[in-house]
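Visitor: I have some time with this model and would like to go through it with you. Shall we take it step by step?

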Amino acid sequence: MEIAAETQKKTGVFARGWDCLKSTKGRVVQVAKNAKKQGQDDPRKIIHSLKVGLALTLVSLFYYFRPLYDSFGVSGMWAVLTVVVVFEFTVGATLSKSINRGFATMLAGALGVGAQQLASLFGEEGEPVVLGIVVFLLATASTFSRFFPRIKARYDYGVLIFILTFSLVAVSGYRVNQIMELAHQRLSTILVGGATCIIISIFLCPVWAGEDLHNMIVHNMEKLSSFFEDFSGFGGEYFMKPIDGESIMDSKDKSFLQGYRSALNSKSNEESLANFAAWEPCHGRFGFRHPWKQYLKIGALTRQCAYHIEAVSSYLNSETQVSVEFRTRIQESCTTISSESGKALKALASAIKTMKDPSSADAHVENAKAAVKDLEIALNAGLLDETDLLDIIPDATVSSILIEIVKCVEKVSESVHELSGLAHFKGVEPTITPEKSQLLHRGTIKPIPDRDGDATDVVITVEASSVSLENDKGKWKGKQGEIHVNMY
């Protein structure tokens, strides 16, 4: 009995150990898969890790080589600490932290030495009192300055380092005799560490925050355009007649209808990238003092448009009873708005991506605005004809949101045009002659018989821009919104 019990106990221990080993193996495999996925999604992360390792190896030479160690001593560790805290993923972030740390260290070190020298004038009894007062005043003022939005956004790290360095120099100077040598060693090693990070970050596979911001804005606008355009976009999906209780598109991939969500939560990333981009030097297509704030304005309007899309997308799977006649009346206008808005956003995204003039989107914006006028007429007529208002509320709500989306797309277009002027986008040569380029004109045609009966004068009232054409059938000439055609 005892032998059997002992054997069973050992078997249980081995079983638990084996289960633990298998679970550990599973966790290791999962971690490896996650690491592989991270590297495949963005190979720059692997390169950044290698760059940090290289920088740490280089600054470690302060300890490995005797001549360097004799010159800087234990202060060489500040170079290692500097690399750890200032080396960031993008060039702008690295420059921001390095410059903030360098200037804050120099200023705080100078003030710390000055405070220590001032306090020494008051003798042994008055020196700690004066040092305490100076540390209190500067620390209080510096901490309060961190609440200012502009300082918080760009110089918060520098203010933090200033408080730390000033306190260390001022307080340690009370017990350390060679305060100037200590400050010189720490400042030198910090500057070396920061310079190492900057050089490696810029010249070895750089990752530019400005370029990331540029691509993020383009990506978000393309996602919004896909919502309207792919598979006829929202208009096609919303007005598609169901077959056997299912939409024709149910069997197709509708992931494009969810792509707009990436723009909803991008505000913090955009602001961070814009802040870091302001620190970066000229690179690629982006010159000095590139208008990064204009990207934030475009991003905010894109986000506003995405919120409207979020509201209108909730009606895609709605099972509320609606008026078929009213829906048929507004279908063409809503579909046109959806299609033209998508084309406008796509053209604007392409203009930003290629940094070329965004005038190609103007026609789509005007077409969407013309469709809005038609939709408003249809809505007014539908509201007068319908007796049961509850049946038209869903479609009327969707129409109202689409009208707001067109207004938002127009604002996005205006902001992109502003960016085009500020960033000096390249002009685009027209692919068609001006005589053949025209918008979707809306107007009326009224024939007027000639007195002799040999010819007919046709008066066409045009509400958009006029055109001028000539052919062998007649001559077109416009004046004050009218075109007269003499047909022979």
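Visitor: Let's start with M355: is this residue buried or exposed?
Guide: Keep in mind that we are looking at a predicted model. M355 has a relative accessible area of 8%. Buried means under 20%, so M355 counts as buried.

Visitor: Where does M355 lie?
Guide: M355 belongs to a loop, with α15 (324–354) on one side and α16 (362–385) on the other. The place to look is therefore the loop between α15 and α16.

Visitor: What is phi of M355?
Guide: Most residues other than glycine have a negative phi. M355 is a residue other than glycine, yet its phi is positive. The value is near 55 degrees.

Visitor: How far apart in space are A104 and I163, C-alpha to C-alpha?
Guide: A104 is in helix α6, residues 91–120, and it is buried at a relative accessible area of 7%. Leaving aside residues up to four places away in sequence, A104 touches G158, I161 and F162. A104 and I163 are 59 residues apart in sequence, while their C-alpha distance is 8.6 Å.

Visitor: At what angle do the axes of α2 and α10 cross?
Guide: Helix α2 spans residues 44–59 and helix α10 spans residues 179–203. Their axes come within 10 Å, and the crossing is right-handed. The angle is roughly 145 degrees.

Visitor: How many nonpolar, polar and charged residues make the contact of α2 with α10?
Guide: From α2 come K51, L54, A55, L58 and V59, and from α10 come G193, T196, I200 and S201. Lys counts as charged and Gly as polar, so K51 and G193 are placed in those classes. The classes hold five nonpolar, three polar and one charged residues.

Visitor: How many disulfides are there?
Guide: A disulfide needs a pair of cysteine sulfur atoms within 2.5 Å. As for cysteines to look at, C205 is partly exposed at 43% relative accessible area, and C282 is partly exposed at 49%. By the distance rule, the count of disulfides is zero.

Visitor: To finish with the protein chain, what share of its contacts with a separation of 6 or more joins residues 24 or more positions apart?
Guide: The protein chain has 17 helices and five strands. Of its 488 residues, buried ones make up 39%. Among contacts with a separation of 6 or more, the share from residues 24 or more positions apart is 75%.

Methods:
Residues numbered from 1 in each chain as written. Predicted model: local features only at pLDDT ≥ 70, side-chain atom pairs only at ≥ 80, totals over all residues. Heavy atoms only, no water. Buried < 20%, exposed > 50% of the residue type's maximum accessible area, 1.4 Å probe, protein only. Helix = DSSP H or I, 4+ residues; strand = E, 2+ residues; numbered from the N terminus. Contact = heavy atoms within 4.5 Å. Axes fitted to C-alpha atoms, helices over the stretch in contact; angles between N-to-C directions. Left-handed = near helix turned anticlockwise from the far one by under 90°.
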